[in-house]
Amino acid sequence: MKYVGMQTQIWRNNRNTVILLCLYPIIILAMVWLFIFVLDYFGVFCDVFGDSYLATVGTSFKEVCRDTAMLTGKGYGAHWPIVWYCFLKALPATIAIVAIWFFFAYSCNVSLLRHVTHAKPLERKENVRVYNIVENLCIAGGIEMPQINIVDDPGMNAFASGINVKSFTITLTTGIIEKLDDNELAAVVGHELTHIKNRDTRLMVVCIVFVGLISLVQSMFWQLIKGMLRSRPRRSRGKNEGGAILIVMVVALVGLVISTVAYFFSYVNRLAISRKREYVADAGAAELCGDPLALASALRKVSEDPGLSSVKRNDVAQLYIIHPDEEDDNGLLKGLVAKVNVIFCTHPDTPERIKILEQF
């Protein structure tokens, strides 16, 4: 295995994270643009909006549609000035919806984590050993002292959370506190403190919010289609009403297909960012504690019993130092299948993480 220095590893992963993060607004805007383009291509805007968009090409919208159809010899086609005009008109509303969704989802994240994991605050007098390990590493690394939470779980796991200095938290299971020695536990805490220092906890909330927004749009189109399919047709419907329903169905189907594709790419992108940040946190912990082998040893032990299996939410489990479900799946897969499966994981393969730590 080719040697990669610790700082080089951190720099490469930070660079890749920035690139991946920039893909989120691109995916959302591309989804909106493609939705407008497809509807315009099949003439939906001509039928629905009529003459509402004027002056962009010096004539009415219907005339532009008819002229394009005559030139191409088809009843459909792309009207590029109209597509871009509609996209620019939709842009403020798109930004506003994203901002509102982002504000509420971002604000509720901390309370959600505490609720689903049943975590409780840990005071110094309750466990001086843990508190001193966290405090000493914070002093050594110049990191803000986070709140320490504990989860009553015999398995071994830990995670960092929070969106600002007041809410930054390290959560440890009772199992990881009892079963790791001081050096191993310090390495795990160093990993989570690196997440806090690099603001990875905030970054992952941003990723989850973006993916959740696209998932919501996908769900809305799907529910609209199901509702229309369940509704009974009425004989009294005229041609105009039937045509309007058909147009709505086409719009919903187009929206569902586009939002599904956007969700896939945004979800895979979120997983890639998560894996990059785990590598950076491993390197940061090795640097902070000065003992990469201690973290390698801790990861081996944690992988044998990651715990926290009662928490079924993947958006929460991706914060753990090792994802319990992924660890079970990766252990059953071999060869090329295992390598492909990693693309759909929130964490890198644990043996790969250990191998990198051992070469520092």
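Where does His118 lie, relative to helix H4 (80-117) and strand S1 (120-121)? His118 is found in the loop between these two elements, where helices (H or I, at least four residues) and strands (E, at least two) are DSSP runs numbered from the N terminus. The model is a predicted one, in which local features need pLDDT of at least 70 and side-chain atom pairs count only at pLDDT 80 or more, whereas totals for chains, interfaces and linings use all residues. Residues are numbered from 1 along each chain as its sequence is written, and side-chain values use heavy atoms, with hydrogens and water left out.

Although His118 is not a glycine, its phi is positive, at about 55°. His118 counts as exposed, with a relative accessibility of 58%; here buried means under 20% relative accessible area, exposed over 50%, and partly exposed in between (1.4 Å probe, protein chains only). Arg199, which is likewise not a glycine, has a positive phi of about 60°. Arg199 is placed in the loop between helix H7 (182-197) and helix H8 (200-230), and at 25% relative accessibility it counts as partly exposed.

**Aromatic pairs**

A pair of aromatic rings is described by the distance of the centres and the angle of the planes. The structure holds nine aromatic pairs, counted for rings of Phe, Tyr and Trp (its six-membered ring) whose centres lie within 6.5 Å, with planes under 30 degrees apart taken as stacked, over 60 as edge-to-face and the rest as tilted. Two of the pairs are set out below.

| Pair | Centre to centre | Angle between planes | Class |
|---|---|---|---|
| Trp33 and Phe37 | 5.3 Å | 5° | stacked |
| Phe264 and Phe344 | 6.4 Å | 50° | tilted |

Trp33 and Phe37 are about one helical turn apart, because they stand four residues from each other in helix H1 (residues 6-41). Trp33 is partly exposed, with a relative accessible area of 21%, while Phe37 is buried at 18%. Ring pairs also link Trp33 and Phe37 with Trp84 and Phe87 into a cluster.

Phe264 is partly exposed at 41% relative accessibility, and Phe344 is partly exposed at 40%.

**Nonpolar surface patch**

Phe264 and Phe344 also belong to a nonpolar surface patch of about 630 Å², which is made by Val257, Val261, Phe264, Phe265, Val340, Ile343 and Phe344. Patches consist of residues with over 30% relative accessible area and no salt bridge, like charges being joined within 9 Å and nonpolar side chains (Val, Leu, Ile, Met, Phe, Trp, Tyr) within 5 Å; a salt bridge is a side-chain nitrogen of Lys or Arg within 4 Å of a carboxyl oxygen of Asp or Glu. H9 gives the most to this patch, with four residues.

**The chain as a whole**

The chain has 14 helices and four strands, and of its 360 residues 49% count as buried. Its accessible surface comes to about 18,500 Å², of which 63% belongs to carbon and sulfur atoms; accessible areas come from the Shrake-Rupley method with a 1.4 Å probe, and for residues only the protein chains shown count as cover. Among contacts (heavy atoms within 4.5 Å) between residues at least 6 apart in sequence, 75% join residues at least 24 apart.
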